[in-house]
Structure formats: C-alpha cells, structure tokens
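Here's a quick briefing to read alongside the model. Have the structure open and follow along.

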Amino acid sequence: MMGHMTTQGVNESPQLQPNTPGEMAAASCCGPKLAACGLVLSIWAVIMLALLGIFFTTHSAVLFEDVPIPEESIHNEQNPLQDIYEIYNKVGYNCFIAAGIYVVVGIVSFYNVRMNKRNEYLVH
C-alpha cells in the first residue's frame, strides 16, 4: 500500500497522505521457502565452487578427467604440460566467477528471507 488517497472536492486532484510506519510493505520478489532454499543452495555452491577453484588452480591430478583437454594439447611436442596447466587455470577462474555469482544470489536470497520475516510481524 503506497498511501491513502483523499479528495477534497469534485474538481480537485487526489492527494497522497504519508504512510504510517506499520503500513510500509517491504519489497520481496519471492516467498519465504524459495528465499530460504536459495540461501542454503548459495552457501553450499560458494563453498563447493571456491574449493573447486582452488583445486583447479593448484593443478590437482584428481580433477584431470574434468578438464576439457583438446587432442592437439596432448600431442604438443614442445611443452604439453603448459597447455594443460593453462586449461586448469581457466577452469579454476570459471569456478571463482561462478562462486561470485552465487554470492550475489545469496545476498538477494538473504534480503528476501529478512523481508519475509519482517512482513510476518506487520499488522494488516
């Protein structure tokens, strides 16, 4: 509710009166369950993607099967490991970028959780 409209006469335009403190509704783009789910998934994704980014940038041998290595990089006679390490670093940076995106999603979800909690206590 944005405010109460009142009219003084027939030819006068309506005027908005200021809101009372309890009347101000917070803007929330999703419900409480979706916001809580988004918050939990964001926390889990940030932790997982940050760890994967660290392991990829340290060239973990366990993650070798998860690196998209082109055929020409394997048969490179001059420096085959350098190409593979560059691909490891790119995948690691992509994990860090995805973790940053999930931080933003987590902040939005946290905001929605707070606004939904606040709306529960408002008297209608």
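This is a predicted model: local features need pLDDT of at least 70, side-chain atom pairs count only at pLDDT 80 or more; totals for chains, interfaces and linings use all residues.

Residues are numbered from 1 along each chain as its sequence is written, and side-chain values use heavy atoms, with hydrogens and water left out.

- H59 sits in the loop between α1 and α2 (71-74); helices are DSSP runs of H or I, at least four residues, numbered from the N terminus.
- Its phi is positive, near 60 degrees, and H59 isn't a glycine.
- Most residues other than glycine have a negative phi.

**Helix α1**
- With 26 residues, α1 reaches 37 Å from first C-alpha to last, close to the 38 Å expected at 1.5 Å a residue (1.5 Å times one less than the number of residues).
- Buried residues in α1 are A35, G38, S42, A45, L49, G53 and F56.
- α3 is among what covers those buried residues.

**The nonpolar core**
- The largest nonpolar core has 11 residues, including L49, F56, V67 and I87; such a core is a set of buried Ala, Val, Leu, Ile, Met, Phe, Trp, Tyr and Cys residues joined through side-chain atoms within 4.5 Å.
- α1 (32-57) and α3 (80-120) each give two or more residues to this core, and α3 provides the largest share, six residues.
- Beyond its neighbours within four places in sequence, V67 is in contact (heavy atoms within 4.5 Å) with F56, I87 and Y88.

Definitions and conventions:
Buried means under 20% relative accessible area, exposed over 50%, partly exposed in between (1.4 Å probe, protein chains only).
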